[in-house]
Every structure is written in structure tokens, then in C-alpha cells.
Amino acid sequence: RAEQDKEPGVFSLPNHPAILICWYEADAFCQWLTRRMLRSDWPLADGKVALKVWSDSRIVSHDLPAGYIVRLPTQAEYEKAARGIDGQTYPWGEEIDIDRANYEETGIGSTCAVGIFPRGMSPLGAMDMSGNAWSWCGTKWKEDHRSPIDESRDSEQDVLRMVRGGGFTSFHSWLRCAYRRR
């Protein structure tokens, strides 16, 4: 009954990215989705998994190899997906552009459905790599970004993790592909 009485707000929209979750919740969701893919009707006859995603204004099916797992990206993987092989400043190029991402200057004031800013697509085809919602990475935080990064995937307590990409309240400088926070 209490759930029915709740008024929908800007943080409870089902087609928006999840926000205000901790690293452990994000990691647990990845583990749940991996298990769900393996025990559902998704597996194909040859052991591959058919994953359906929204792409180019339609649902596209991708055959994933047997043993495929869903996990949070490392900070290096996130940055590569955001800036592509040319190392762009933003996923779309070198200049900030209010028409390419949901951030503080757009004035939306909440998350939006992924893909609302198609001109902000990264060179590798990823949407919302900058703006909209901060993204957790599996990488442990280090103050000095030049020191070796520990990409281990353990879930030890009291370890700071990296977030990338900026969110709907972020300043434009936080949307740079190289920007990271803890």
C-alpha cells in the first residue's frame, strides 16, 4: 500500500538510469543479470546468449559467447568507450555542446532516458558517456592517476571506487572523458 501512495518523482522514472546507488548495489545488479541471462530463455541452442538491446531506434539482438558476464567497466574501459581511439576531450569532439549531453547547463534538472542526446554518441557508439548520470567503475580509486591502477574485481570493504562521466548536475568540465571522481 505504501508503494502505491508514493508520488512518482524525478528519481523514480523506469526508463532513466538508476542513480543514488552505491558501488555494491551496481556490482550486485551485474551479478544478478549474469545469473538471469544464464537461467532464462535467453540461452540459445549452441550455448550462446541472445541479448536484446535498444539501438538505432529499434531492438537489436546480439549473440554473446558462452560464459559471457555482465560487470562494471574498468576506468580504462570506460574512458576508451567514451573517447574512442582518437582520444577526444568529449565523446562527440573537442568542444562542450549543450545539445549533446544532459548536464547542469541544459537546465533539465533530472536524469533523462538514455539516448535523448543522440548527437552526444561516442565514436564507438556508446550513449550518455558524458552527462545524465555518474557511472560506477570496478576500478579502485587512487589519488595519483599516474600510479599503477589496481583493476582487481574483489569487493573488499571500505575501498573507494571510481565514477566517470558526470551527471545532470555536473559542470561542463566534469563531462570530459578523462575526468574521474571517487
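Glutamate 77 counts as partly exposed, because its relative accessibility is 35%, where buried means under 20% relative accessible area, exposed over 50% and partly exposed in between, with a 1.4 Å probe and protein chains only. Its side chain meets that of arginine 71 in a salt bridge at 2.7 Å, N to O, a term that stands for a side-chain nitrogen of Lys or Arg within 4 Å of a carboxyl oxygen of Asp or Glu. Arginine 71 is likewise partly exposed, at 35% relative accessibility.

The structure is a predicted model, in which local features need pLDDT of at least 70 and side-chain atom pairs count only at pLDDT 80 or more, while totals for chains, interfaces and linings use all residues. Residues are numbered from 1 along each chain as its sequence is written, and side-chain values use heavy atoms, with hydrogens and water left out.

The count of salt bridges comes to five. One of them joins the side chains of glutamate 79 and arginine 164 at 2.8 Å, N to O. This pair links distant parts of the chain, with glutamate 79 in helix α3 and arginine 164 in strand β4, 85 residues apart; helices (H or I, at least four residues) and strands (E, at least two) are DSSP runs, numbered from the N terminus. Both glutamate 79 and arginine 164 are buried, and together with Arg83 they are linked in a network of salt bridges. Another salt bridge connects aspartate 97 with arginine 119, whose closest N and O atoms are 3.9 Å apart.

Strand β4, covering residues 161-164, also holds valine 163, which counts as buried because its relative accessibility is 9%. The C-alpha atoms of valine 163 and arginine 182 lie 5.8 Å apart, although 19 residues separate the two in sequence. Not counting residues up to four places away in sequence, valine 163 touches Trp134, Ser135, Trp136, Arg180, Arg181 and Arg182, contact meaning heavy atoms within 4.5 Å.

Asparagine 132 is found in the loop between α3 (75-83) and β3 (135-140), and at 1% relative accessibility asparagine 132 counts as buried. Its side chain makes a polar contact with the side chain of aspartate 128 at 2.7 Å, a polar contact being a pair of N or O atoms within 3.5 Å, where within protein one must be able to donate a hydrogen and the other to accept it, and residues adjacent in sequence count only if both atoms are side-chain atoms. The side chain of asparagine 132 also reaches the backbone nitrogen of cysteine 112, at 2.8 Å.
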